[in-house]
Amino acid sequence: MRARSFLHGALLGMLVLGTGIASAATTADSSPRGGYSAALIYDQANADARDGKLGVAVLNYERGRLLAPRDEDIRANLNAVRDLSGLAPSSESWFDRHAEFANPNTLFWLGCLGILIGGTSELARRRFSAHRLGLRAASFAGLALTLVTLCDATAVWPAMSDAVVIVPTTSERVAPATLAEPLSVLREGEIVSVEAARAEFALVRSATGLTGWVSRADLARVVPNS
């Protein structure tokens, strides 16, 4: 019973992760039409950069990087656009170091395979007692694959709260109100971490560690909520 509960919980977690990664390429006005892939998002980002939409270009390069974390062209163009925006090159994150070990999307499917193997083995072990030892080994192998994928989900998870400034400038304010005192100015293309939302404002943490309220219309999530 305990093993079955674990498998159900792990499957749910990985499905949420997979849905988040898959939706990373979709917004109403900046995603490529006719589907999505790292290549399509990369082409869209290049078009945004040529049109001078540097914030949206950064957004799409970041989305493409989630789908193809080892693509050097995406990383190079992302840093070029950040340079045009007057921002520092993107620093290596835990996700980047993790992607050097294995492609996160590959690990996701390995985890699905692990759940299938583990769940099937657990069910079969109750019916075929003569093969209990082999089925137990298969069950442990499935569990190991599932744990690897859960570690993969931990590496990807921080990107779920990332957002990009898509307007020339916006202010971080002390309160969620247009007339509230500004704390700092964020530039187009800056990446912030969204910690909360209230009405038309989002509480964000910038790269400097400063926390303030920003108009949600001035931001776009790397992984949209819907």
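Guide: Let's start with a definition: buried means under 20% relative accessible area, exposed means over 50% and partly exposed is in between (1.4 Å probe, protein chains only). The model is predicted, so local features need pLDDT of at least 70 and side-chain atom pairs pLDDT 80 or more, while totals for chains, interfaces and linings use all residues. Residues are numbered from 1 along each chain as its sequence is written, and side-chain values use heavy atoms, without hydrogens and water.

Visitor: Why is Y61 called buried?

Guide: Y61 has a relative accessible area of 2%, which is under the cut-off, so Y61 is buried.

Visitor: How many aromatic pairs are there?

Guide: The count comes to one aromatic pair. Rings of Phe, Tyr and Trp (its six-membered ring) pair if their centres lie within 6.5 Å; planes under 30 degrees apart are stacked, over 60 edge-to-face, and the rest tilted.

Visitor: What makes the pair of Y42 and Y61 tilted?

Guide: The ring centres of Y42 and Y61 are 6.2 Å apart and the planes are at 55 degrees, so the pair counts as tilted. This pair links distant parts of the chain, 19 residues apart: Y42 sits in helix α2 (residues 38–50) and Y61 in helix α3 (residues 54–67). Helices (H or I, at least four residues) and strands (E, at least two) are DSSP runs, numbered from the N terminus.

Visitor: Why are α2 and α3 called roughly antiparallel?

Guide: Their axes come within 8 Å and cross at roughly 165 degrees. Angles under 35 degrees count as roughly parallel, over 145 as roughly antiparallel, 65 to 115 as roughly perpendicular and the rest as oblique. So α2 and α3 are roughly antiparallel. The crossing of α2 and α3 is left-handed.

Visitor: Which residues make the contact of α2 with α3?

Guide: Contact means heavy atoms within 4.5 Å. Among the residues that make this one are I41, Y42 and A45 of α2, along with A57, Y61 and L67 of α3. The contact of α2 with α3 divides into 10 nonpolar, four polar and two charged residues. For those classes, Ala, Val, Leu, Ile, Met, Phe, Trp, Tyr, Cys and Pro are nonpolar, Asp, Glu, Lys and Arg charged, and the others, Gly among them, polar.

Visitor: How do you know that α2 and α4 are roughly parallel?

Guide: The axes of α2 and helix α4 (residues 72–84) come within 11 Å and cross at roughly 20 degrees, so α2 and α4 count as roughly parallel. Y42, N46 and A49 of α2 meet D73, I74, N77 and V81 of α4. That contact of α2 with α4 has four nonpolar, two polar and one charged residues.

Visitor: Why does A199 count as exposed?

Guide: A199 has 60% relative accessibility, over the cut-off, so A199 is exposed. A199 lies in the loop between β4 (191–198) and β5, and it has a positive phi of about 55 degrees although it is not a glycine. Most residues other than glycine have a negative phi.

Visitor: What makes S206 buried?

Guide: S206 has 8% relative accessibility, so S206 counts as buried. S206 is in the loop between β5 (201–205) and β6 (211–215). Leaving aside neighbours within four places in sequence, S206 contacts E172, L186 and V192.

Visitor: Why does V204 count as buried?

Guide: V204 has 0% relative accessibility, so V204 is buried. V204 is found in strand β5. V204 and D162 are 42 residues apart in sequence and 9.2 Å apart in space, C-alpha to C-alpha.

Terms used
Axes fitted to C-alpha atoms, helices over the stretch in contact; angles between N-to-C directions. Left-handed = near helix turned anticlockwise from the far one by under 90°.
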